[in-house]
Amino acid sequence: MNWPRALLTDSGGFQMVSLLHLADITEEGVTFQSPVDGKPMLLTPEDSIQIQNKIGADIIMALDDVVKTTTTGPRVEEAMYRTLRWIDRCIAAHSRPHEQNLFGIVQGGLDPQLRDICLEGLVARNLPGYAIGGLAGGEGKDAFWRVVAQCTAGLPEDKPRYVMGIGFPLDIVVCTALGADMYDCVYPTRTARFGSALVSEGVLRLTHAAMATDYRPLDSSCTCMVCKRYTRAYLHTLVTKEAMGSQLVSYHNISHMMQLSRNLHSSILEGRFPEFVQSFLQKQFPKGDVPDWVCNAMDVAGIDISMCRIPQSA
Amino acid sequence: MLGISPSMALRFEVLARHNRARASRLTLPHYEALTPLFMPVGTQGTIKGLTNDQLEDLDCQIILGNTYHLALRPGADLLDTIGGLHKFMNWPRALLTDSGGFQMVSLLHLADITEEGVTFQSPVDGKPMLLTPEDSIQIQNKIGADIIMALDDVVKTTTTGPRVEEAMYRTLRWIDRCIAAHSRPHEQNLFGIVQGGLDPQLRDICLEGLVARNLPGYAIGGLAGGEGKDAFWRVVAQCTAGLPEDKPRYVMGIGFPLDIVVCTALGADMYDCVYPTRTARFGSALVSEGVLRLTHAAMATDYRPLDSSCTCMVCKRYTRAYLHTLVTKEAMGSQLVSYHNISHMMQLSRNLHSSILEGRFPE
């Protein structure tokens, strides 16, 4: 790739389960039908780590037994315990521990007790970093933030915490307030391909007819190449019709996410994190209709957002 | 020595010659270009896969827009409202638009040419529509490009018989209608297009007629359509010999590097073609030796850059093996190979200009 900065690879397990027919999880690993010739195949924790050792990323992820957040019943518990058994197999198979960091993934669904057991087990393995997995899968926002809060509280202070599959700016701000450090998601680039741009106020749908004569940049507060050189009207003509539309809106959306990252880092560094959160929420919810789950999470995070619940004057 | 044209918005200075070949400076309202020059085709206000910054990095000087596509999306009136395609695209250099006629005839079913204009079925709602020379010029006036093309009656080079003659004479009648309809002669340069198929006599008549109209520049049209190469170069040679020395000459639809080198040697200055970007989307890279097919299995383990003599961003950062995994599968493949191919064409343009300027064109 000729990429001089850092790389992180996932275990391959999630894609298999979500993309392949007849994928099945057993104690051995993930069994699935080869997409090439349809033959039965198996991805074990050892296989996943070996492949990731060859890819050579800075951070590699353990193969975990991940279930949909909407799953209930004994399957959730089974998956959590299996994840703990598999982390030991991942650790044993990892041949490059001084070049690549193996992160464990906390599972346990929406059940606080299961999450606690998993947290304890993974923390005891003294891994370089930890991910909070099994979220961003259809669970209600109220359950979502509570699991994140519980996990960040239970993970070591001095190690990075990665909430997998999170990409909505609002979710990132909340998780950051609750103590998480890293996030990944296809959302910013995928939504770009559907013609949606991420802006301070939320999401701008470029396919909307009104965009045809809107000659402003995507986001007046954005300084990226796209906002400097192109108007909404121009992008409106491209999105969903020309590859360039996806390209330019993807560029802007990634710029937006990286600016968000910088803002989070520097506002905390400079002791003005609450002000940043307040300003962020006021732009997203000018009518003061901040969702309850955000308010509850900010309570736990110790950030006063009462002024955000008052409508902004025009 | 400049010809004096009543409707001129350019300055063309031949800086050096080698026999028939010329290295020149073409000063247009939005940009000062150096010829010989390849002009990438931006169809609908964008060159597929390349940002404006990249086009500037690649030293693109004039970009083509297709009037037919632009009139459909975003539409001539919208462009007029915002002040033209330059502003809409935010392209600070030069633009050239074609007349719309060629796309209509090649893309649309039931397109037909009459003395009035091109009749066709609207691609939007199927209703019968007509594009007259006046309409074409009016739309191009709204788009606002530095160079606009007359609506010509263009026939396939493989056509024979009276149709070729009819088309040539109609092209001459239409140029007068285009000139009359042109409302911005001091901001936009209307180029006439020499037609006449592969018939030297017809070409001569057309040349004479267009030269008499004293236009700012001329295109050699009706080629690059399936004619044999032997016929092709002879028509180019005849036309460059018959066109004024002191005005730019544009061979339409030419994009193979070899064709460009030959036409330059014969005295042409400007070229356009979708070929470099289109072939990129099919996984072919233009290199010094010819064409590199990146889809070929051997590319999977070839860790060299596309072209060892190329200094573009793609050749500096990516290998053939990496590009092999992308082409025809990921948009990024098209993008990177397009970038390289345009770089290749602009490097060719620079080489042609500087070798003539420095007296080493034969070498």
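**Entry 1: a buried arginine**

I started in chain B, where a polar contact of 2.8 Å joins the side chains of B:Arg22 and B:Asp269. The model is predicted, so side-chain atom pairs count only at pLDDT 80 or more. I then looked for a further partner. The backbone oxygen of B:Gly267 lies 3.4 Å from a polar atom of the B:Arg22 side chain. I placed B:Arg22 in strand β2 (residues 21-27) of chain B. Is B:Arg22 buried or exposed? I read 0% relative accessibility, so B:Arg22 counts as buried.

**Entry 2: α4 against α5 in chain A**

I use two numbers for a helix pair: the angle between the axes and the distance between them. Helix α4 (residues 112-124) of chain A packs on helix α5 (residues 141-154) of chain A at about 30°. Their axes are 10 Å apart. Angles under 35 degrees count as roughly parallel, and α4(A) and α5(A) are therefore roughly parallel to each other. I noted a right-handed crossing of α4(A) past α5(A). On the α4(A) side, the contact is made by A:Pro112, A:Arg115, A:Asp116, A:Leu119 and A:Val123. On the α5(A) side I listed A:Val147, A:Gln150, A:Cys151 and A:Gly154. By class, this contact of α4(A) with α5(A) has five nonpolar, two polar and two charged residues.

**Entry 3: α2 against α3 in chain A**

Helix α2 (residues 45-55) of chain A and helix α3 (residues 74-93) of chain A pack at about 40°, with axes 8 Å apart. From α2(A), the contact takes A:Pro45, A:Glu46, A:Ile49 and A:Asn53. From α3(A), it takes A:Trp86, A:Arg89, A:Cys90 and A:Ala93. I sorted the contact of α2(A) with α3(A) by class and got five nonpolar, one polar and two charged residues.

**Entry 4: backbone geometry**

Most residues other than glycine have a negative phi, and most peptide bonds are trans. I looked for exceptions. A:Thr240 has a positive phi of about 65° and is not a glycine. I found A:Thr240 in the loop between α9 (232-238) and α10 (243-269) of chain A. At 54% relative accessibility, A:Thr240 counts as exposed.

B:Asn19 also went on the list, with a positive phi of about 55°. B:Asn19 sits in the loop between β1 (11-18) and β2 of chain B. Its relative accessible area is 68%, so B:Asn19 is exposed.

Which residues does a cis peptide bond join? I found B:Thr35 and B:Pro36, with omega about 5°. B:Pro36 is in the loop between β3 (32-35) and β4 (37-40) of chain B.

**Entry 5: apart in sequence**

I checked two C-alpha pairs. A:Gly137 and A:Lys68 are 69 residues apart in sequence and 6.1 Å apart in space. A:Gly137 lies in the loop between β7 (129-132) and α5 of chain A. With a relative accessible area of 37%, A:Gly137 is partly exposed.

B:Phe102 belongs to helix α5 (residues 101-107) of chain B. I logged B:Phe102 as exposed, at 51% relative accessibility.

Conventions:
Residues numbered from 1 in each chain as written. Chains lettered and ligands numbered in written order. Predicted model: local features only at pLDDT ≥ 70, side-chain atom pairs only at ≥ 80, totals over all residues. Heavy atoms only, no water. Axes fitted to C-alpha atoms, helices over the stretch in contact; angles between N-to-C directions. Helix = DSSP H or I, 4+ residues; strand = E, 2+ residues; numbered from the N terminus. Parallel < 35°, antiparallel > 145°, perpendicular 65-115°, else oblique. Left-handed = near helix turned anticlockwise from the far one by under 90°. Contact = heavy atoms within 4.5 Å. Nonpolar A, V, L, I, M, F, W, Y, C, P; charged D, E, K, R; others polar. Buried < 20%, exposed > 50% of the residue type's maximum accessible area, 1.4 Å probe, protein only. Polar contact = N/O pair within 3.5 Å; in protein donor to acceptor, adjacent residues only side chain to side chain.
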